[in-house]
Structure formats: C-alpha cells, structure tokens
Amino acid sequence: MDISLSQEHLNFQTKVREFLNDNLTPDIREAGRLCATIMAEHEATWKWHRILHSQGWAAPNWPTEYGGPGWDPVQRYLYSAEYARTGAPHLTPLGLSMVGPAIMGHGSAEQKAFYLPRILSGDDVWCQGYSEPGAGSDLASLQCRAISDGDDYIINGSKTWTTDAHNANRMFCLVRTNTDGKPQAGITFLLLEMDTPGIAVEPIHILGGDHEFNQVFFDDVRVPQSGRIGAENDGWTVAKYLLEFERGVAVGVGPLRTRLNEIRALAQARRDSDGNALMAQLDFARAFAALDIELTTVEYTGHRTMADIVKRGSPGPASSMMKTRATEVQMAISELAMQAIANYAAPHQPEERLAGANLPPLGSRDEMSVTARYLNDRASAIYGGSNEIQRNIMAKLVLGM
Ligand SMILES: Cc1cc2nc3c(=O)[nH]c(=O)nc-3n(C[C@H](O)[C@H](O)[C@H](O)COP(=O)(O)OP(=O)(O)OC[C@H]3O[C@@H](n4cnc5c(N)ncnc54)[C@H](O)[C@@H]3O)c2cc1C
C-alpha cells in the first residue's frame, strides 16, 4: 500500500502553507492563540474570513456550484491540517457549517441565490435560535410561537444560550406554528433579521469570563414568511439535517492536535528543582501518550465522517460518535494542560485575553488561556446536543438498540 502524497498534493500543501504564513497577520494569530471558547475575537475572525474568501478558501467543504474550491478529500484534509498547525482562529461555523448546508439541502432557488453568497463572503453573521429556557435536550417541546399574519409571521417568546447573537445580523430559528398533534409536527424553520423591531438580546456571561452567548426575547416580532426554509410545520426535518452538520463538522479536531502539541512544549519547558522536565516524568509522560493515542482515534473518526459527507452529502448519525469522542478528548486535553502549568492554573485572568489588553499576565503568555479553556471546555459536552443525548442517538440509530 502506498500512502505517500502525490507530487500534486505535495505542491498543494506547499501552496496552502505559504498562503497561511503570508496572510496570517499578528492580530489574527494572536486571536487564535488566546481563544478559550468556540469563537475567537470577533473583529480578527471576520477579517480572517474575508481574507480566506478573497482566496476562494472560506468554505473548503462547499460544492463548487455554491463557491467551494472543488478540492478532493486529500486536499481538504491537507488544508485542515495546515490550518490547525498555524493556530489560526476557526471561522464561525454558524453560517458556513450549519445554516449554509441546511439552505443548500432544503432552501428554494431564490433563498440559495440570496443567502449562500452572503455567508461565503462574510457579509452576514448568523446565530442559532433553537434552545429555549424550557427546551434543550427535548428540543421538540419548544414554545416560541409564530402566528401567520398575511405574508408574515408574528413571533412571541424567547430563545436562550444563543451564541454570537450580540454580533449576528441574522438568526436561523425554530418556531412553533402548530400546537396540535405530535410536537415535532408543529415546528417551522425560519430565517430572520436581528434588527427587526421587538427583538432584544441580553448577554449571559460564561464560567471562563467570556461573553459568548445570550438570551433573545421576541415581542410581537413581524418576520416575512419568505424566510421560511421548507414547508410550514416541517421545520423538524430541516433542523435534524442541520444538527448532523453541527455535530459532525462544527467539532474542530485539528485544533486539538495543536493544543496537545502546546502541552508538550509547556511540559518540556517546566522543570523541577533538579532541572528535570515535567515531560520526562513517567506519570505525566504516560498520561500524555494515552491522550495522544485517544486523539489519533478521533482524528480517524473525523476522516470517516468526512468520507460519509463526500459519499452521501451528510454525515449521518455517526456524527454523534464524533461529537461525543472529540469533546471527551477535548476536555481531557484541557485537564492535562492544567496539570502542566500547575500553580499558574490558579490565577484566572480573563481580561488579559481581550483585544488591546496591556497588563502583563501572571505566568507566561502561553499559559494565559489554559484555565479559561479548562472552564469553558466543560460546555462542549452540552452544546450541539449533550453527550448523553448523542449516546441515546448512537444506541438507536447506529447500534439499532
Ligand atoms: C456554550 C454553549 C453554546 C450554546 N449555543 C447555542 C446556540 O447558539 N443556540 C442554541 O439554540 N442552543 C445553544 N446551546 C444550548 C444547547 O444546545 C443546550 O444547552 C443543550 O441542548 C442541552 O439543553 P439544556 O441546557 O436545556 O439541558 P437539559 O436538556 O435540561 O439537560 C440537563 C441534563 O440532563 C441530561 N438529559 C436530558 N435529557 C436526557 C435524556 N433523554 N437522556 C439522558 N440524559 C438526558 C442532559 O444530558 C444534561 O446533562 C449552547 C449551549 C452551550 C453550553
């Protein structure tokens, strides 16, 4: 078996490496390095999005007809590996990896023509209005009400844990349009503009100190029905399709390898009073090696999920496996990082990670995001559907139990 790269792929790899090195400005690199949540600092992330778009690389997984670069699976793999190696901030997944594929799969020709180019160029920033105060895992019990009125819906209710709603100009959401029969059969998938009168966004601050999500309130909000994806009361079909992408693609495996490499560097630099590196201590080295192996298995699962997308157009229920394992490894990595920095894990200094912060951090700059990441990574077992729910899905749809 020959697993070496062809000359064409080697040339491609060099081109990607050079482009990333030449175009990642210091502020964008810094935003990626300091990111302790799902999203890096807003300005730098969207600046990077526009740079990649001008190169035609904002959406490596999109079909060419919608502006994807037309790469084969090996090129996509090489790109994501090179990208992760640089530590560049992730592009926001809500448009590119979530509502974009949903519009491709279920939108009308007019909706595709309007929304997809704007997602690709970074003109629109999206947020996801699924969860409600009384509807998370049991999403079908959602109550946010949309009543048909002429060409519009009038929405009343609330959405919560809405990531990036304070930056977004558009939301894709699930609303209740029918209260009879099965709860799943009365839900509609709707796109709306965040500056519509009657929408209020209230911040929720997370454990690590960041403001990443919000509660959104709707008070007689009038939204055109032209923003509906699919048929009225058939939003569950679109929502389930989108969730497969959220679990399968929105989980970034590449950055986990970068983070493990960072731990290796930290543990090589940290010495005890005899000058021995932490990395040379048996217990730590063993824990590191075990995690390295775990991560390698997740990387292969990621390749399989990607191959399913190429073959079938969507990742299918195996994306639940990917989501669960990747987030478990992610949490284990952030725990090991805490061990590696030892007493420097104690000072929690979220303000040091804000753009423009000019106070010297306690500990080294490499250690600054470790505690916030550890705290925020606990959320990875919850968002995108909790890991318990993913196990239920695997039991039913993958194992047939
Ligand atoms: C950082 C972050 C960002 C998020 N961003 C968004 C967003 O942008 N948009 C959005 O709509 N939502 C978002 N969410 C919400 C997320 O999808 C929900 O938190 C999640 O679906 C769980 O719902 P819940 O919080 O209501 O918990 P609950 O559903 O109340 O669950 C509580 C606990 O019970 C367990 N549980 C519940 N039902 C079962 C069951 N049947 N079997 C076994 N265990 C069960 C759960 O696993 C969990 O441990 C985000 C969440 C986080 C943490």
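How far is the sulfur of C144 from the closest cysteine sulfur? The separation is 6.6 Å, to the sulfur of C173, which is too far for a bond. The model is predicted, so local features need pLDDT of at least 70 and side-chain atom pairs count only at pLDDT 80 or more, while totals for chains, interfaces and linings use all residues. Residues are numbered from 1 along each chain as its sequence is written, and side-chain values use heavy atoms, with hydrogens and water left out.

A search of the whole structure finds zero disulfides (pairs of cysteine sulfur atoms within 2.5 Å). C144 has a relative accessibility of 2% and counts as buried (buried is under 20% relative accessible area, exposed over 50%, partly exposed in between, with a 1.4 Å probe and protein chains only). For C35, the closest cysteine sulfur belongs to C127, 18 Å away and too far for a bond. C35 is also buried, at 16%.

Aromatic contacts were then examined. A pair of aromatic rings is described by the distance of the centres and the angle of the planes. Rings of Phe, Tyr and Trp (its six-membered ring) pair if their centres lie within 6.5 Å; planes under 30 degrees apart are stacked, over 60 edge-to-face, and the rest tilted. The count is 13 aromatic pairs. F19 and W57 are edge-to-face, because their planes stand at 65°, with ring centres 4.9 Å apart. F19 sits in helix α1 (residues 7-23), and W57 in the loop between α3 (42-55) and α4 (73-86). Helices (H or I, at least four residues) and strands (E, at least two) are DSSP runs, numbered from the N terminus. The two residues are 38 apart in the chain, and both are buried.

Y130 and F172 also pair edge-to-face, at 6.0 Å centre to centre and 90° between the planes. Y130 lies in the loop between β1 (126-129) and β2 (145-149), and F172 in strand β4 (residues 170-176), so the pair ties together parts 42 residues apart in sequence. Y130 is buried at 4% relative accessibility. F172 is buried at 0%. Elsewhere, ring pairs link F12, F19, W48, W57, W71, Y79 and Y83 into a cluster.

One charge-ring contact was also examined. R378 lies over the face of Y374, 4.2 Å from the ring centre (the criterion is NZ of Lys or CZ of Arg within 6 Å of the ring centre and within 35 degrees of the ring normal).
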